[in-house]
Amino acid sequence: MRSTDSRPLALTVHQPWATLIVAGLKPFEWRTWEAPAWAQGRRVVIHASRLDPKAHVLDRLIAQIDCDLGTRGGEGLVVEPALRLLRDAAAVRHGKLHHGRDPLPRGAGLGTVLLGVPASKFALRAQGKVYAHDHHCQVRDPKTGRPRTLYGWPMRSPTRWAAPVPAKGAQGFWTWPHEVPADAVAEEMVDG
């Protein structure tokens, strides 16, 4: 979908990835398709899907990052701050942390990023930007069982909004229906 007006594009991302992106802790969004050329170089609203990541899913992700990725941030993650956020979110879901606000808002726009030029995970690994093994560079198509290459979409210059803006999401790129908040907080982007 090509946006024909001046309103920004939006991209719906599952949690916890959406929050990690706007916090500057996840410099690549992984997809099995390349972002179209007309979207590259544009500022895109990151919208968190309504799907709530369950505690056991967050626990498994935390264990995977601790075990597999270590301090190198294999997927491009900024490991220690990402783990802190994930542990807080898991504690909320386990009922162990009650600080009034879920660190993973859902069904809302969270901020914006500047979409860079995508590259395959193979290419990013060769450039030293991610530390994935070959088998982590592809996923299997659920219908055909054939391997599909993963593409890293650079999420540059993130801004996080002071408060989430509720909105319905959509698949692929879609036009953001609201004004972009003027109170965005720029995050330090880790060069991925």
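The legends below describe close-up views of a predicted model.

**View 1. Confidence across the chain.** The average pLDDT of the chain is 85, and 83% of the residues score at least 70. In residues 188-192 the pLDDT falls below 50. That stretch still has 15 contacts in the model beyond near neighbours in sequence.

**View 2. Helix 3, residues 79-93.** Helix 3 has 15 residues, which at 1.5 Å a residue should span 21 Å. Buried positions in helix 3 include Val79, Ala82 and Leu83. Leu85, Leu86, Ala89, Ala90, Ala91 and Arg93 are buried as well. In an α-helix there are 3.6 residues a turn, so residues three or four places apart point the same way. Gly95, which follows helix 3, has a positive phi, near 75°.

**View 3. The salt bridge between Arg93 and Asp52.** The closest N and O atoms of Arg93 and Asp52 are 2.9 Å apart, and the two residues form a salt bridge. Arg93 belongs to helix 3, while Asp52 sits in the loop between strand 3 (43-48) and helix 2 (55-69), so the pair ties together parts that are 41 residues apart in sequence. Arg93 has a relative accessibility of 19% and therefore counts as buried, the cut-off being under 20%. Asp52, with a relative accessible area of 24%, is partly exposed.

**View 4. The salt bridge between Glu29 and Lys26.** Seven salt bridges are present in the structure. One of them joins the side chains of Glu29 and Lys26, with an N to O distance of 2.8 Å. Glu29 and Lys26 are both buried. Side chains of opposite charge can pair when their charged atoms come close.

View 5. Arg148 and Asp141 form a salt bridge in which the closest N and O atoms are 3.6 Å apart. Arg148 is partly exposed, its relative accessible area being 32%. Asp141 is buried, with a relative accessible area of 18%. Elsewhere, salt bridges with shared partners join Asp52, Arg93, Asp102 and Arg106 into one network.

**View 6. Ser120 in strand 5.** Ser120 is placed in strand 5, which covers residues 119-120. Its relative accessibility is 18%, so Ser120 counts as buried. The side chain of Ser120 reaches the backbone nitrogen of Ala123 at a distance of 3.0 Å. Apart from neighbours within four places in sequence, Ser120 is in contact with Thr149, Leu150 and Tyr151.

View 7. The peptide bond that runs from Gln15 to Pro16 is cis. Omega for this bond is near 10°. Pro16 is located in the loop between strand 1 (9-13) and helix 1 (17-22).

**View 8. Ser157 in strand 8.** Strand 8 spans residues 151-166 and contains Ser157. The phi of Ser157 is positive, near 45°, although this residue is not a glycine. Ser157 is partly exposed, and its relative accessible area is 36%.

Note on methods: Residues numbered from 1 in each chain as written. Predicted model: local features only at pLDDT ≥ 70, side-chain atom pairs only at ≥ 80, totals over all residues. Heavy atoms only, no water. Helix = DSSP H or I, 4+ residues; strand = E, 2+ residues; numbered from the N terminus. Expected span 1.5 Å × (residues − 1). Buried < 20%, exposed > 50% of the residue type's maximum accessible area, 1.4 Å probe, protein only. Polar contact = N/O pair within 3.5 Å; in protein donor to acceptor, adjacent residues only side chain to side chain. Contact = heavy atoms within 4.5 Å. Salt bridge = Lys/Arg side-chain N within 4 Å of Asp/Glu carboxyl O. pLDDT = per-residue confidence, 0-100.
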